[in-house]
Amino acid sequence: MTQEDKDFEASLRELSPAEVPGALQSQILESLETAYEEGRQPTVVAGTISKFRFLRPLAVAAAILIAATGVFFAVLNNLDTHPGTPPGTMAMTSNKVPFVPVHAENIFEGVEDEGLFLTGEKMPVHGVRYRFSDSFKWENPEDGSIIKMTIPSERLYLLPVRTD
Amino acid sequence: MNDDLSSEWKEWFRINGTKLLLFARTQTNIEADAQDILQDAMLRLLKSYGSGENDKWEPPPLPLAYTALRHAAIDLARKNTRRTRREQNSDYLVSAHDPAGDWFGTSTLEEKEKSSALKQAIGQLPGNFRDVLVLKIWGDLTFSQIASTLEIPANTAASRYRYALEALRKILKPNSL
């Protein structure tokens, strides 16, 4: 850096940032105290992370439920089907196989900023929560009756924040 | 309220609040938004960095505070974009941006002129230059800390700083600080 740069830098440093307005300072300190008193800070943060961990088995259970439902209807569809019949035509050709899976969809519903968290290792991370809605539809080709299932799901991504 | 939290966080904010507010002001052209993101960032920091373990409530490191401010500013910008879109779609009248407050402490007329010229000059800098300059000169961060805060390599931070100084000097030349 040249001497000219250093002089210019020094001239910039002569000006210091303006004071925080008294009203704003009071408001911020008050909101911090309120947040602390309401117990919405660390314990909630820790709870949020553990809640996410708690939700993981639920997500697995939901996935198993979806899979089991699919298998159930698949088995239902194949009960009286001739072994040599291709799966795609089984439901349509058998009179006793009522429901055929006709639609499956994963809809993105939105994303939410969960703010900054600390992990157990004190590493700051930025949480981003994605919400989805998974829907499935089965139809009885004989009478046109329909079964619909919609299951909400969400995924929380914790992005590390570098602070060194 | 815990005395440690009260005294340490208040003292920390008293020392660093001016720098944080200046950085917040450079992230938005609207004074009210700058104040909002400062408050939002402080609450996020308390929620994320304050720890109930052993009843310790240490204030956060300064670079983390700047990171929280950046995230709050980004979130606000997203919300404002959506709001503006809604308002335009609803034939709302979008009011003109209100002028930002005084960025620097001044006591004399000469300092006020300097402050005003500097504020305008900083506003003309590209955002990536401006952030590095403000964090280095008035934010008390090292290049390494700036690099972490802005998620860029340290060499990039240093070169942006040099370019920012050069650009700022050219803008201010007629006013010569």
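**Entry 1: where the chains meet**

I began with the two chains and counted 56 residues of chain B in contact with 43 residues of chain A. I noted at once that this is a predicted model. Next I looked up the area buried between chain B and chain A, and it is about 4500 Å². Carbon and sulfur atoms give 68% of that area.

**Entry 2: salt bridges**

How many salt bridges are there between chain B and chain A? I found 4. Over all chains the count comes to 17 salt bridges.

I then looked up single pairs. B:Lys10 forms a salt bridge with A:Glu33. Their closest N and O atoms are 3.0 Å apart. This pair crosses between chains. B:Lys10 sits in helix α1 (residues 3–27) of chain B, and A:Glu33 sits in helix α2 (residues 22–37) of chain A.

I also wrote down the salt bridge of A:Asp5 with B:Arg169. Here the closest N and O atoms are 2.8 Å apart.

I turned to helix packing. Two packed helices are described by the angle between their axes and the distance between the axes. So I looked for both values.

Helix α5 (residues 127–137) of chain B packs with helix α6 (residues 143–150) of chain B at an angle of about 135 degrees. Their axes are 10 Å apart. Why do I call α5(B) and α6(B) oblique? An angle over 145 would count as roughly antiparallel and 65 to 115 as roughly perpendicular, and the rest here is oblique. With about 135 degrees, α5(B) and α6(B) are therefore oblique to each other. The crossing of α5(B) and α6(B) is right-handed.

Which residues make the contact? From α5(B) I listed B:Asp131, B:Val132, B:Leu135 and B:Lys136. From α6(B) I listed B:Phe143, B:Ile146, B:Thr149 and B:Leu150. Sorted by class, the contact of α5(B) with α6(B) has 5 nonpolar, 1 polar and 2 charged residues.

**Entry 3: α4 and α7 of chain B**

I did the next pair. Helix α4 (residues 109–124) of chain B and helix α7 (residues 154–172) of chain B cross at roughly 130 degrees. Their axes come within 9 Å. α4(B) and α7(B) are therefore oblique to each other. I noted a right-handed crossing for α4(B) and α7(B).

On the α4(B) side, the contact is made by B:Ala117, B:Leu118, B:Ala121, B:Ile122 and B:Gln124. On the α7(B) side I found B:Leu168, B:Ile171 and B:Leu172. By class, the contact of α4(B) with α7(B) has 7 nonpolar residues, 1 polar residue and no charged residues.

How values were computed: Residues numbered from 1 in each chain as written. Chains lettered and ligands numbered in written order. Predicted model: local features only at pLDDT ≥ 70, side-chain atom pairs only at ≥ 80, totals over all residues. Heavy atoms only, no water. Axes fitted to C-alpha atoms, helices over the stretch in contact; angles between N-to-C directions. Helix = DSSP H or I, 4+ residues; strand = E, 2+ residues; numbered from the N terminus. Parallel < 35°, antiparallel > 145°, perpendicular 65-115°, else oblique. Left-handed = near helix turned anticlockwise from the far one by under 90°. Contact = heavy atoms within 4.5 Å. Nonpolar A, V, L, I, M, F, W, Y, C, P; charged D, E, K, R; others polar. Buried area = accessible area lost by both parts, 1.4 Å probe. Salt bridge = Lys/Arg side-chain N within 4 Å of Asp/Glu carboxyl O.
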